Amino acid sequence: MDSLWHYLELIPPWLIILLVVHGVVMGTVAYLILLERKVASWVQDRIGPNRVGLGFGIIPVLKDMHMFGLGQPLADGLKFIVKEDYRPKGVDKNLFTLAPMLMVVVVIISIAVIPWGGTKINQETIVMPAGTTAAQLHEAAINSIPWWGHVMTDPVTVNAGGAAYLNGNDQAYSFTWGWLFQIAQLNIGVLFILAALSLAVYGVVLGGWASNNKYSFLGGLRATANMISYEIPLGLAVIIVVTMFGTLDLGVIVDKQVHYWYGFIPAWNCFCQPAAFLMFLVCIHAEANRAPFDLAEAEQELVGGYHTEYSAMRFALFFLGEYAGMITTSAVCVALFFGGWHIPWLDMIWPQLSGSLGHVGWCDSLLICILRAAVFFGKTIFVLFVFMWVRWSLPRYRFDQLMMLAWRALIPMSLVLLIATTLVLYFSASSDPDYGNLLVGNRMFLILLGMNIVSVILIMLGSLFVPAAPPTNRKMRVPDSRFQHTPIAAGSAPSM
């Protein structure tokens, strides 16, 4: 058993986190479909799926147990697996198969940099001869920890009053090492996620193009215009947060939100930058092609849009990619605007939840790291519920309204907010040279919140002076047509 435990210790934690996170995300994708149908039933005052249990009607012990319909996603998945995988004539065979695969792969890659639970730290002690240099101590510290660990503090003597002598001139040195409770650490994590998720548009476009179907092609064109247009205000909303904290590392952004304004208001960005948060929320709906932005798959106009010709697991992969993308964007929303793993007010009773050894993100308990990850995931589920709530509450936009919302509303608004935030931070930093504590103060919270309110009011007033968009539903003269005037306009039937 000791040798087995020794080999288990050699397994890097990020590999275990990778398997757990992707297993949970893929399982959540399946049950999000059930949640989607349940939310639809609640909104429409009906019951929803509640018949298929985990026994599927064939397992003796469970066959008569409905279990609130928990077996429905598994039954749906089984249906897609055994369904005929139909491919029409004239399609581009390679791209037709590559498109749904690309949708899923892109999302799986982007999950890697989500900071689920801060940093798990450990205390280590090494014994070195007296007179050892700092460089030698640092090298010895690196060699004494697993290859996947990181030295967090420089080695220092164990007792503060001097060296602890062991075996003559030997001295004991203590240091802290740790590992991040996430799959991979990137100091450009926000940029990596945005770049990866932007590749999902290729899956939609390739699926529409390769299908050799005019409705699919139109759906692909709509998706391209939609996703490119809304990536601009989405990126600007992210830049507002990045400008405030001066980093693209999601873990650092989360750590800097773990405190309170006025002693009880969580220092989350959704409170000091509510306009940027709402813009980000709208844009991730559009990026996911979710209602009311689902123009790429509008059944009333395009049959099914870019996935009209798909069936079986190819068809299912498109929806798996869509729901997995919703999970990723919701997790990014939680990290940017909801404090990530921060548990508000509970850390006042249990201070260890907010860090150890004077560092917010550090934690010496694996159980607390897991609790943090559960809180992060719970907040993500709440944002996913908002996705579904919006779908069954708002009607679909017309396509020109979709474009107008991005180019005539969200993009100007995001530019104004970015400029206003930059000016506020510049002049505040000029008056207060201690920029590190600038965002912690209560004064900055009020300034940023007031800036948001004033910016929105100015934008609304300015919109009164913006020329109206040209009407889209207007009569068009058709040359050489015998119907120069409609029967209603002419007051009589047209002459033959």
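The dialogue below goes from the overall make-up to single residues.

Q: What should I know before I start?
A: This is a predicted model, in which local features need pLDDT of at least 70 and side-chain atom pairs count only at pLDDT 80 or more, while totals for chains, interfaces and linings use all residues. Residues are numbered from 1 along each chain as its sequence is written, and side-chain values use heavy atoms, with hydrogens and water left out.

Q: How many helices and strands are in the secondary structure of the protein?
A: Helices (H or I, at least four residues) and strands (E, at least two) are DSSP runs, numbered from the N terminus. Here there are 18 helices and eight strands.

Q: How much of the protein is made up of buried residues?
A: Buried means under 20% relative accessible area, exposed means over 50%, and partly exposed lies in between (1.4 Å probe, protein chains only). Of the 496 residues in this protein, 45% are buried.

Q: Which residues touch the most other members of the largest nonpolar core?
A: A nonpolar core is a set of buried Ala, Val, Leu, Ile, Met, Phe, Trp, Tyr and Cys residues joined through side-chain atoms within 4.5 Å. The largest one has 101 residues, and Phe280, Leu336, Phe337 and Phe338 touch the most other members. Helix 13 (residues 312–337) contributes the most to this core, with 11 residues. A second, separate core has 13 residues, including Phe96 and Met103.

Q: What does threonine 329 touch, beyond residues up to four places away in sequence?
A: Contact means heavy atoms within 4.5 Å. Threonine 329 sits in helix 13 and touches Leu197, Phe280, Ile284 and Phe387, if residues up to four places away in sequence are not counted. Its relative accessibility is 10%, so threonine 329 counts as buried. Phenylalanine 337, leaving aside neighbours within four places in sequence, has contacts that include Ala237, Trp268 and Phe280.

Q: Where do the buried residues of helix 17 fall, seen down its axis?
A: An α-helix has 3.6 residues a turn, so residues three or four places apart point the same way. In helix 17 (residues 442–463) the buried residues are Met444, Phe445, Leu448, Met451, Asn452 and Ser455. They fall within an arc of 125°, so they line one face of helix 17; the arc is that of the directions from the helix axis to the C-beta atoms. The face turned away from this buried side carries the exposed residues Arg443, Leu458 and Met460.

Q: How many disulfides are there?
A: A disulfide is a pair of cysteine sulfur atoms within 2.5 Å. By this rule the count is zero. For cysteine 272, the nearest cysteine sulfur belongs to cysteine 270 and is 8.1 Å away. Cysteine 272 has 1% relative accessibility, so it counts as buried.

Q: Which residues does the cis peptide bond join?
A: The backbone angle to read here is omega. Alanine 291 and proline 292 are joined by a cis peptide bond, with omega about 5°. Proline 292 is in the loop between helix 11 (274–287) and helix 12 (299–302).

Q: Is aspartate 45 buried or exposed?
A: Aspartate 45 is exposed, with a relative accessible area of 71%. This residue lies in the loop between helix 2 (13–43) and helix 3 (72–82). Aspartate 45 has a positive phi of about 60°, although it is not a glycine. Tyrosine 262 also has a positive phi, about 55°, and is not a glycine. Tyrosine 262 is partly exposed, at 42% relative accessible area.
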